[in-house]
Amino acid sequence: TCALPIYQQESIRLSKEILDKPSLNFPEQLVLMRLAQSYEAVGENEEALRSYRRLSAEYAGTSFATKSDARIEYLELRGVTIEEEEPEEDQSSETPE
């Protein structure tokens, strides 16, 4: 058996934990890139695409965003898409009666 998927799954778990705890002071763009790469390595391409898009949006103009944009293009050319979620603002804009 190959230990790579186990290593990548652990990388995903740790990256998500770090992102949930900003007080740990890890560079978020680095953690997001590692998360996206780990998702891609285990074949979770939709999650990878979501992470790359977040990285590109939040860190536009950085080298991380440039690398992320290239991976987004690659994944999209391979047919990876994400079903768009309902925007949260639409859900919260409803007024209670």
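In this predicted model, the axes of helix H2 (residues 28-41) and helix H3 (residues 45-58) come within 7 Å of each other and cross at roughly 160°. Helices here are DSSP runs of H or I with at least four residues, strands are runs of E with at least two, and both are numbered from the N terminus. Axes are lines fitted to C-alpha atoms, for helices over the stretch in contact, and angles run from 0 to 180 degrees between N-to-C directions. The angle therefore makes H2 roughly antiparallel to H3; angles under 35 degrees count as roughly parallel, over 145 as roughly antiparallel, 65 to 115 as roughly perpendicular and the rest as oblique. The crossing of H2 past H3 is left-handed, a term used if the near helix is turned anticlockwise from the far one by less than a right angle, with right-handed used if clockwise.

On the H2 side, Glu-28, Gln-29, Leu-32, Met-33, Leu-35, Ala-36, Gln-37, Tyr-39 and Glu-40 meet Asn-45, Glu-47, Ala-48, Ser-51, Tyr-52, Arg-54, Leu-55 and Glu-58 of H3. Contact means heavy atoms within 4.5 Å. By class, the H2 and H3 contact holds 8 nonpolar, 4 polar and 5 charged residues, where Ala, Val, Leu, Ile, Met, Phe, Trp, Tyr, Cys and Pro count as nonpolar, Asp, Glu, Lys and Arg as charged, and the others, Gly among them, as polar. Ser-51, found in H3, counts as buried at 7% relative accessibility; buried means under 20% relative accessible area, exposed over 50% and partly exposed in between, with a 1.4 Å probe and protein chains only. Leaving aside neighbours within four places in sequence, Ser-51 is in contact with Leu-32, Leu-35, Ala-36 and Tyr-39.

Residues are numbered from 1 along each chain as its sequence is written. Local features need pLDDT of at least 70 and side-chain atom pairs count only at pLDDT 80 or more, while totals for chains, interfaces and linings use all residues, and side-chain values use heavy atoms, with hydrogens and water left out.

The protein chain has 5 helices and 0 strands, in the order α-α-α-α-α along the sequence. Of its 97 residues, 27% count as buried. Among contacts with a separation of 6 or more, 49% join residues 24 or more positions apart.

H2 passes H4 in a left-handed crossing. The residues divide into 5 nonpolar, 2 polar and 3 charged.

For H3 and H4, the axes come within 8 Å and cross at roughly 145°, and the crossing is again left-handed.

The largest nonpolar core has 17 residues, of which Leu-49, Tyr-52 and Leu-75 touch the most other members. A nonpolar core is a set of buried Ala, Val, Leu, Ile, Met, Phe, Trp, Tyr and Cys residues joined through side-chain atoms within 4.5 Å. Beyond neighbours within four places in sequence, Leu-49 is in contact with Ile-72, Leu-75, Glu-76, Val-80, Thr-81 and Ile-82.

Thr-81 is found in the loop between H4 and helix H5 (88-92) and counts as exposed at 57% relative accessibility. Apart from neighbours within four places in sequence, Thr-81 is in contact with Glu-46 and Leu-49. Thr-81 and Glu-47 are 34 residues apart in sequence and 9.8 Å apart in space, C-alpha to C-alpha.

In H1 lies Gln-8, which counts as buried at 6% relative accessibility. Gln-8 touches Arg-34, Ser-38, Ala-41 and Val-42, not counting residues up to four places away in sequence. Asn-25, in the loop between H1 and H2, is exposed, with a relative accessible area of 67%. Although not a glycine, Asn-25 has a positive phi of about 60°. Most residues other than glycine have a negative phi.
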